[in-house]
Amino acid sequence: MGAAEIHPSSIVAPGARIGRGVSIGPWCTIGPDVVIDDGVRLISHVVIDGHTHIGAGVVCYPFTTVGMEPQDLKYKGEPTRCVVGAGTIIRENVTIHRGTATGVGITRIGENCLIMANSHVAHDCTLGKGVIIVNNVVMGGHVMIGDNARIMGSAALHQFVRIGHAALVGGVCGVEADVIPYGSVLGNRARLVGLHWIWLRRNGVAPDDIRRMRLAFRALYPKAAHASDAVFQERLAYVRVHYGDDARVAEILDFIAAPTHRGLVRVQRSSSEMIESDGA
């Protein structure tokens with residue numbers, strides 16, 4: 001790669017570290033503590049500030065802001081961080097804020113994500129690899145999204161919510177609680193309607209493995225299930241004994257067992273899964 005190309009209308013503060021082959025288009029502003037790795041493209045009107053690290057090959061479309069101060073009244077200018085992984089694409093009008101000292105101190109976007117137009121990634125959020133955020137998604141602080149999750153348009157994620165690996169959040173969902181790995185949630189407020197079967201099939205999961213996951217899911221969330229926590233714990237134990245040797249089922253069980261601020265999204269009957277509303 002050759003030297004960076006910086007449009008004369010852009011402002012790059014002294015101290016910023018710019019890699020080889022970087023293209024900074026018109027009317028961009030880069031702060032003094034920013035690190036931009038090789039091959040990054042800032043198309044135009046991009047603002048990157050704070051202690052922010054932009055990975056190799058990232059593309060930022062016009063009017064995106066990355067690493068700006070969080071929208072948190074407790075924030076007092078601490079040198080918190082923002083990291084965007086290599087190969088991620090950030091479309092028009094996206095805002096990504098840096099972390100807070102009262103949180104984990106860093107907002108982290110994984111490699112090869114796609115964040116579509118007008119979306120907001122709040123302070124202290126963590127997005128895994130290959131996450132797709134569709135237009136107009138908003139998330140509160142401290143949200144955690146697992147690898148390969150899909151968040152459809154105009155969904156709203158409550159602060160501290162966890163979205164599991166390869167989960168699907170439907171459009172215009174208000175998600176107030178955790179979504180299990182491979183889970184599929186729809187509606188406002190969001191309800192778990194099954195697993196993300198399309199992703200599993202498209203990513204090479206064998207039919208026998210999918211069938212085993214379906215049996216485990218139905219055992220965990222049976223039709224007309226009792227709503228008490230004690231009964232749900234019995235179902236968890238049953239699924240771990242009978243299906244826990246499956247790595248994906250074990251991942252779901254471990255997610256459920258992990259500490260949570262928000263609890264789990266409730267289950268609602270769907271025509272495909274025939275699951276009744278469940279209070280677990």
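This is a predicted model: local features need pLDDT of at least 70, side-chain atom pairs count only at pLDDT 80 or more; totals for chains, interfaces and linings use all residues.

Trainee: Okay, so is Asp 178 buried or exposed?

Mentor: Asp 178 has a relative accessible area of 2%, so it counts as buried. You'll find Asp 178 in the loop between strand S26 (174-175) and strand S27 (183-186). Helices (H or I, at least four residues) and strands (E, at least two) are DSSP runs, numbered from the N terminus.

Trainee: What does the side chain of Asp 178 make a polar contact with?

Mentor: With the side chain of Arg 162, at 2.9 Å. A polar contact is a pair of N or O atoms within 3.5 Å; within protein, one must be able to donate a hydrogen and the other to accept it, and residues adjacent in sequence count only if both atoms are side-chain atoms.

Trainee: And which residues does Asp 178 touch?

Mentor: Leaving out residues up to four places away in sequence, they include Phe 160, Phe 255 and Leu 264. Contact here means heavy atoms within 4.5 Å.

Trainee: Switching topic: which residues of helix H4 are buried?

Mentor: In H4 (residues 247-257) they are Val 249, Ala 250, Ile 252, Leu 253, Phe 255 and Ile 256. Those buried residues pack against S24, helix H2 (207-220) and H3. The N-terminal end of H4 is capped by Asp 246, with a side-chain oxygen 2.9 Å from the backbone nitrogen of Arg 248.

Trainee: You mentioned S24. In what order do the strands of the open sheet come?

Mentor: Eight strands run S3-S6-S9-S12-S15-S18-S21-S24, with parallel pairing. Strand S3 (17-18) and strand S24 (162-163) are at the edges with a single partner strand each, so one side of each has no neighbour in the sheet. Two strands pair if DSSP finds at least two bridges between them.

Trainee: How many bridges join S12 and S15?

Mentor: Four, linking S12 (residues 81-84) and S15 (residues 106-109) in the parallel sense. In one of them, Val 84 has Ile 109 in S15 as its bridge partner.

How values were computed: Residues are numbered from 1 along each chain as its sequence is written. Side-chain values use heavy atoms; hydrogens and water are left out. Buried means under 20% relative accessible area, exposed over 50%, partly exposed in between (1.4 Å probe, protein chains only).
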